[in-house]
Amino acid sequence: LSTRCPSIGADVDPDADFVYDYETLRLGGLIFAGVIVFLSIILLAGNKIKNCGKSKVRYCRIDL
């Protein structure tokens, strides 16, 4: 008696303890990587966005 996995189309052993769902694993990994990239871009650009349009005050020190 063999069952077919509808998403992959491969034979699945019903007596196996665990069967990997590679399609869901891949999709979850891509979503996780995308969220990490998005958050790192926001983190790196955050300081520039916060200081947009503001010039830094520079003091000159005169030694005589």
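**A nonpolar patch on one helix**

On the surface there is a nonpolar patch formed by Leu27, Ile31, Val35, Phe38, Leu39 and Ile42, and together these residues have about 600 Å² of accessible area. Before going on, please note that this is a predicted model.

Where does Val35 lie? Val35 is in helix α1, which runs over residues 22–50. Is Val35 buried, partly exposed or exposed? Its relative accessible area is 42%, so Val35 counts as partly exposed, since that class lies between 20% and 50%.

Now the annotation. The unreviewed UniProt entry places a "transmembrane region" at residues 27–46. In the model, that stretch is 100% helix and 0% strand.

Next, the whole chain. It has 1 helix and 2 strands, and along the sequence they come in the pattern β-β-α. How many of the 64 residues are buried, as a percentage? The figure is 0%. The accessible surface of the chain is about 6,700 Å², and carbon and sulfur atoms account for 64% of that.

Last, confidence. The chain has a mean pLDDT of 76, with 58% of its residues at 70 or more. Which parts have the lowest and highest confidence? Strand β1, residues 3–4, is lowest with a mean of 52, while α1 is highest at 90. Where pLDDT is low, predicted coordinates should not be read in detail. That is all I have.

Technical notes:
Residues are numbered from 1 along each chain as its sequence is written. This is a predicted model: local features need pLDDT of at least 70, side-chain atom pairs count only at pLDDT 80 or more; totals for chains, interfaces and linings use all residues. Side-chain values use heavy atoms; hydrogens and water are left out. UniProt positions are given in the numbering used here, feature names are shortened, and annotations may be inferred rather than shown by experiment. Helices (H or I, at least four residues) and strands (E, at least two) are DSSP runs, numbered from the N terminus. Buried means under 20% relative accessible area, exposed over 50%, partly exposed in between (1.4 Å probe, protein chains only). Accessible areas come from the Shrake-Rupley method with a 1.4 Å probe; for residues, only the protein chains shown count as cover. Patches are made of residues with over 30% relative accessible area and no salt bridge: like charges are joined within 9 Å, nonpolar side chains (Val, Leu, Ile, Met, Phe, Trp, Tyr) within 5 Å. A salt bridge is a side-chain nitrogen of Lys or Arg within 4 Å of a carboxyl oxygen of Asp or Glu. pLDDT is the predictor's confidence in each residue, from 0 to 100.
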